[in-house]
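Thank you for making time this morning.

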Amino acid sequence: MGLSAAAPLWGPPGLLLAIALHPALSVPPRRDYCVLGAGPAGLQMAYFLQRAGRDYAVFERAPRPGSFFTRYPRHRKLISINKRYTGKANAEFNLRHDWNSLLSHDPRLLFRHYSRAYFPDARDMVRYLGDFADTLGLRVQYNTTIAHVTLDKDRQAWNGHYFILTDQKGQVHQCSVLFVATGLSVPNQVDFPGSEYAEGYESVSVDPEDFVGQNVLILGRGNSAFETAENILGVTNFIHMLSRSRVRLSWATHYVGDLRAINNGLLDTYQLKSLDGLLESDLTDLAILKDSKGKFHVTPKFFLEEANTNQSADSITLPQDDNDNFAMRVPYDRVIRCLGWNFDFSIFNKSLRLNSGNAFGKKYPLIRASYESKGSRGLFILGTASHSVDYRKSAGGFIHGFRYTVRAVHRLLEHRHHSVTWPATELPITQLTSSIVRRVNEASGLYQMFGVLADVILLKENSTAFEYLEEFPIQMLAQLETLTGRKAKHGLFVINMEYGRNFSGPDKDVFFDDRSVGHTEDAWQSNFLHPVIYYYRYLPTGEQEVRFRPAHWPLPRPTAIHHIVEDFLTDWTAPIGHILPLRRFLENCLDTDLRSFYAESCFLFALTRQKLPPFCQQGYLRMQGLVSTESLWQHRVESRLLRDYAPTGRRLEDSSQQLGDQEPLGSPLAPGPLAQSVDSNKEEL
Amino acid sequence: MFSGFNVFRVGISFVIMCIFYMPTVNSLPELSPQKYFSTLQPGKASLAYFCQADSPRTSVFLEELNEAVRPLQDYGISVAKVNCVKEEISRYCGKEKDLMKAYLFKGNILLREFPTDTLFDVNAIVAHVLFEVKYITNLEDLQNIENALKGKANIIFSYVRAIGIPEHRAVMEAAFVYGTTYQFVLTTEIALLESIGSEDVEYAHLYFFHCKLVLDLTQQCRRTLMEQPLTTLNIHLFIKTMKAPLLTEVAEDPQQVSTVHLQLGLPLVFIVSQQATYEADRRTAEWVAWRLLGKAGVLLLLRDSLEVNIPQDANVVFKRAEEGVPVEFLVLHDVDLIISHVENNMHIEEIQEDEDNDMEGPDIDVQDDEVAETVFRDRKRKLPLELTVELTEETFNATVMASDSIVLFYAGWQAVSMAFLQSYIDVAVKLKGTSTMLLTRINCADWSDVCTKQNVTEFPIIKMYKKGENPVSYAGMLGTEDLLKFIQLNRISYPVNITSIQEAEEYLSGELYKDLILYSSVSVLGLFSPTMKTAKEDFSEAGNYLKGYVITGIYSEEDVLLLSTKYAASLPALLLARHTEGKIESIPLASTHAQDIVQIITDALLEMFPEITVENLPSYFRLQKPLLILFSDGTVNPQYKKAILTLVKQKYLDSFTPCWLNLKNTPVGRGILRAYFDPLPPLPLLVLVNLHSGGQVFAFPSDQAIIEENLVLWLKKLEAGLENHITILPAQEWKPPLPAYDFLSMIDAATSQRGTRKVPKCMKETDVQENDKEQHEDKSAVRKEPIETLRIKHWNRSNWFKEAEKSFRRDKELGCSKVN
């Protein structure tokens, strides 16, 4: 249905244009925004462009969105969780535990309506993406394979050049801004003697029957390798897994791209003395030889070099000939390669200078923290391919992460090309604590893209008000003013979510005793994901500050820092444990008193002091004071935060007592040292 | 003596071990961890020995511990054996059996931990737990201790009148904390005190003996007497100043210099020095430093390397502890002059101690926000929430569309919201069954999206949804009465269209909306001729704007002239009916902008001589005039009222806002009076408060009668500047009430110490062993160590880390010197 609806829409005009324009070759159709790929990232960007009323088109090779998911993962089980129940109604909060949905205003387009499985089937993702594109009416040109992308310099263009896209029919599209959301589509291959004997993950059989009674060697140690192993674990003689580095478990690294517990059945059997096993070696140092029976032998490459042949295994010396306990002395029936994926650079002309990153991120194109290519302005990488920004750190390579980074890119462009400043809410300073508490408790973008996207609070003059900006890419903090169109003259706060500095890592024991802290004064040692608030008196714009920040600091050194102590329930609303220390931090940064007061206290201050605290100024004096009820009033007296001024008991009609015999005025609410509350012993053991 | 090194680990949660188990100890209570922690009382010390339940062996240690129960009880320290059982995992209960420890708690704060081999017998247990506060009775004992510690450690010697009195407790508590650093010596003998030359022997005394510096054994230790009363806090502050360097050399702007003294509220004295006289200056400075020890910090200021200019002839710079006070440059040619200057200008901050919390000081973990605290205290009370309809994302739109509704947008975790929710429920109680308006609420912590869609970004917000109208935000006081008034007045729409003269008269007399004038003491009627189209529109806009706050009506029939003639108002005009006074005023409408009309009406609502209340002060406050307030215990005397109203009419009071305050209705007025008067003269009191410029408060002489003549005379004297103010209201800014945790410093400390920290080389053997054992499991704790050294509260901003650092340094020294 969706297919037939989309095809007539886009098929004929595209064809007509092609016929009309092909001979002329002069004025190809020009778009402000072009998106390559109708996967999750491409559709997400299309959604934002559509909502903003922008001129855009999405080009998709396949006839439907999300074609990657029609084949992958091979065993059809997505490892992104589809948590349908959290016990909370807050839709924003629930996105923290929904790793599959894209962002939209339509509550029907939540993934939980598409699958009941905690680890859903990939077919549901395909169905979901199709519905997403159709329901929202996103403008996707299916069956359009962009075969070549090049640059055309033009002074009139937004970025000094247009991107020229040529599709399989030779049709040319001109774009002012190009979003590449093509994912990682090229299987990673490592070249070593005998690598041709390995079957790829992309084509290997998924039928366990094909592996019955076999010795299997799997190259690689990622989720695809373990997923493959998991599938055949029960029927093989044994499975050996070989890769360069030790296995990284995602529950130890807090990185979802590492091995997920759902796939790690082989680790279990390996450690429980069954025949399966893990081995560490660099693949490029190895060779695979085939013997006369068609079995495969693994040997270090130098054996091969010594023999100076690359003949069959029968003719050369193998390690086990010298070293009879060599681990891989048993021949294998099959070798399967599961080494991950690379970005497809092939369609991009050199002029775009779209290069791959450093050794660590070879598979990704090189981009800035704003997701713009370092090589050409106006070219943005979205989705999985943009993961170089936070590889092995955050969730930017996955739907639940890049749906937010896509929104950030969209906001940056709204400002760059349409003079729409980064959306912000302006609030009085009395709302500062609340607005932070609100966000750290519900914001999903902060939570998913911890360390990458952070909220920014820009203070107004004299700190009487502030602007709240959500989910800004914090590595671009130095350019905040130019990127958002907002001013950060009077200081700013950055709200980031962080794990403890030494908590996550492949060899870390994340279950050590005392791994969590409970005391507010130890909050800076919190290990689990928790909010961290940075205060800067000035926007750190210097290269020094931003680039050469202290090691392991996600941000330049702030004027002051606050950690909200980690919470088992990720619910940071405890009045004493979370909100009070936060308020004290904010007060000390702003050098003011952010407490709230009842109208009666404001009344007293108004007549006994020349200055009033912000809460009284912004509330009471504007005739919006907070009146206390009888029962709260009683608590106030009991807590000794307010004196009972009525001479005998509360507001009694008859007062025979003299005023003079009461103790001198020393209201604990006054600025300065504060008297103690009686039961202040809130220390815990 | 117990190694100082261990102090360093106080507060670090280690796995607790134990191998001994003795089932038949009688007086030693045996408890489960949970039980034990539940018995801990604030401020009470308790020694607990954690044992694994399945430990097979009996022990000498338990016998000794049993014997220590009584002596320790004499010092108010309870002793318990805690059996770790599987079901209750306490972090003091460890898994391994080769480490054994006892823990000393104060309240439920961990003070210290002891490996059991340091507690080898009953004496060792008592001594360690009490930190060897040596009790002596004669001078010889004192001299022996003094001699023994020369060159090694300092002594804190105190005399208290008796054991068990508060001073004694204060000393013991200080010993808890500083017992490993200083030798505490205690006496109750007056003779001993006299023999060391003390005066005023009827009071408790505390001396600091500077013995560590003494290298020549024949030399006496210098002594510094603590001059403040013996309280825990004072002793703590005193010891801190003793720990500070005696003399510091600086070469920077004295205004910028800060030492621990300033943080403790003590001034700084800079002795200005130049190269030529450096040696002599330094000697003078040292001499001054000794004299001022505990009273001020002394620094040597090197003029030659100074970048800022200081007056040529100044030889002493004095810096007060108060922030923002400029330094004083002095010329003082005598040491005694310096001393007396300091003593006369010292500002000793009086820090009040709370009986129960004398170790705590102002605690930054204690709630000082009255709204948050009261809401927290009230959290368990059940509110009749069912009187309001709780909305959700699904029901919101349907509900506000279906009926006229008030919606309270709140957040369950926000104190102000929750405080107001109570008033809101009170409104619901009062309106129960009488109102057509549906009272609803929505918790934005749950339904964030709904609130955002309704443009609600702060809490609490109240909006009124009426059919066919845009939602209106309530902008009045967040209290029951004002909201009730808003809801009641909104039963009709404004401005009311009046269609006949008779109806207009009923409207003005209050007959027409009898039940509404309870809520609006004034009714406004706009008079327009039928042709005044824009004026009418503007008035309607103003009336709509004021809906819920004041009753407005409009009359523009053909016969409007009858009304305008009757009330002597030329069109367009406003008629203002004050129902309480039964008066009708007319106000010509010169400008007809809606905003101006709103302004005119709100101004007209102000009374000439109002009773000032918590609710109405803001309306008068914004006039920016000095307040002339008559404080009255009950209703104002009609004669006084008459006198003041006469003055108002005679224009004597145009530059003031005259008002009166009924202490019966507004009891907080007593707090105000107390700020103005000391002692408080009898009521009534007439006071002029210059709130907006200068803050002076003038009092009308209470021996004069409040009659016109006296008032006029007084006002004239005021005007002429002949009256003295009785007080000036403080112009203090509202600064942070307490410091915040300085996590940045803690992080820095952890980073810098991880690199430099080394285990002291000369440790007790047991410590070395223990250290080895703990190394592996200690890994995670290393990070925490520098900070958690003292769980005593941080007294000053950013002092927390310094404190820890110092004790770390101290520990390193002591690890070497104090082991015995």
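**Cysteines and rings**

Let me begin in chain B, where a disulfide joins B:C211 to B:C221, with an S to S distance of 2.1 Å. Please keep in mind throughout that this is a predicted model. The link of B:C211 and B:C221 is right-handed, with 110° about the S-S bond. B:C211 and B:C221 both lie in the loop between β9 (205-210) and β10 (222-225) of chain B, so the bond ties together parts that are ten residues apart in sequence. As for burial, B:C211 counts as buried because its relative accessibility is 0%, and B:C221 counts as buried too, at 3%.

How many disulfides does the structure hold over all chains? The number is four.

Another of them, also in chain B, is formed by B:C444 and B:C451, whose sulfur atoms are 2.0 Å apart. Here the link is left-handed, with -90° about the S-S bond. B:C444 has a relative accessible area of 1% and is therefore buried, while B:C451, at 0% relative accessibility, counts as buried as well.

Moving to chain A, when its bonded cysteines are numbered in sequence order, the pairing reads 1-2, 3-4. One disulfide there joins A:C602 to A:C616, with an S to S distance of 2.0 Å. This pair links distant parts of the chain, since A:C602 sits in helix α17 (residues 599-608) and A:C616 in helix α18 (residues 614-618), 14 residues apart. The link of A:C602 and A:C616 is left-handed, with -75° about the S-S bond.

Still in chain A, A:C338 is buried, with a relative accessible area of 3%. By contrast with the bonded cysteines, B:C659 is in no disulfide, and the nearest cysteine sulfur, which belongs to A:C602, is 18 Å away. B:C659 has 0% relative accessibility and therefore counts as buried.

Let me turn now to the aromatic rings, for which a search of the whole structure finds 49 pairs over all chains. One of these is A:Y534 with A:Y536, whose ring centres are 6.5 Å apart and whose planes stand at 5°, so the pair is stacked. A:Y534 counts as buried at 0% relative accessibility, and A:Y536 counts as buried at 3%. In chain B, the rings of B:Y741 and B:F743 have their centres 5.7 Å apart and their planes at 20°; because planes under 30 degrees apart count as stacked, this pair is stacked as well. Both B:Y741 and B:F743 are buried.

Beyond pairs, A:Y47, A:F48, A:F111, A:Y114, A:Y128 and A:F132 form one aromatic cluster. There are also arginines over ring faces: A:R334 lies over the face of A:F211, at 4.3 Å from the ring centre, and B:R379 lies over the face of B:F376, at 3.9 Å from the ring centre.

Finally, a word on the layout of chain B, whose domain assignment runs from domain 1 (30-122) through domain 2 (132-242), domain 3 (251-344), domain 4 (382-486) and domain 5 (492-605) to domain 6 (616-728). Of these, domain 3 and domain 6 have C-alpha centres that lie 47 Å apart.

How values were computed:
Residues numbered from 1 in each chain as written. Chains lettered and ligands numbered in written order. Predicted model: local features only at pLDDT ≥ 70, side-chain atom pairs only at ≥ 80, totals over all residues. Heavy atoms only, no water. Domains from an automatic or database assignment. Disulfide = S-S within 2.5 Å. Helix = DSSP H or I, 4+ residues; strand = E, 2+ residues; numbered from the N terminus. Buried < 20%, exposed > 50% of the residue type's maximum accessible area, 1.4 Å probe, protein only. Phe/Tyr/Trp six-rings, centres within 6.5 Å; stacked < 30°, edge-to-face > 60°. Lys NZ or Arg CZ within 6 Å of the ring centre and 35° of its normal.
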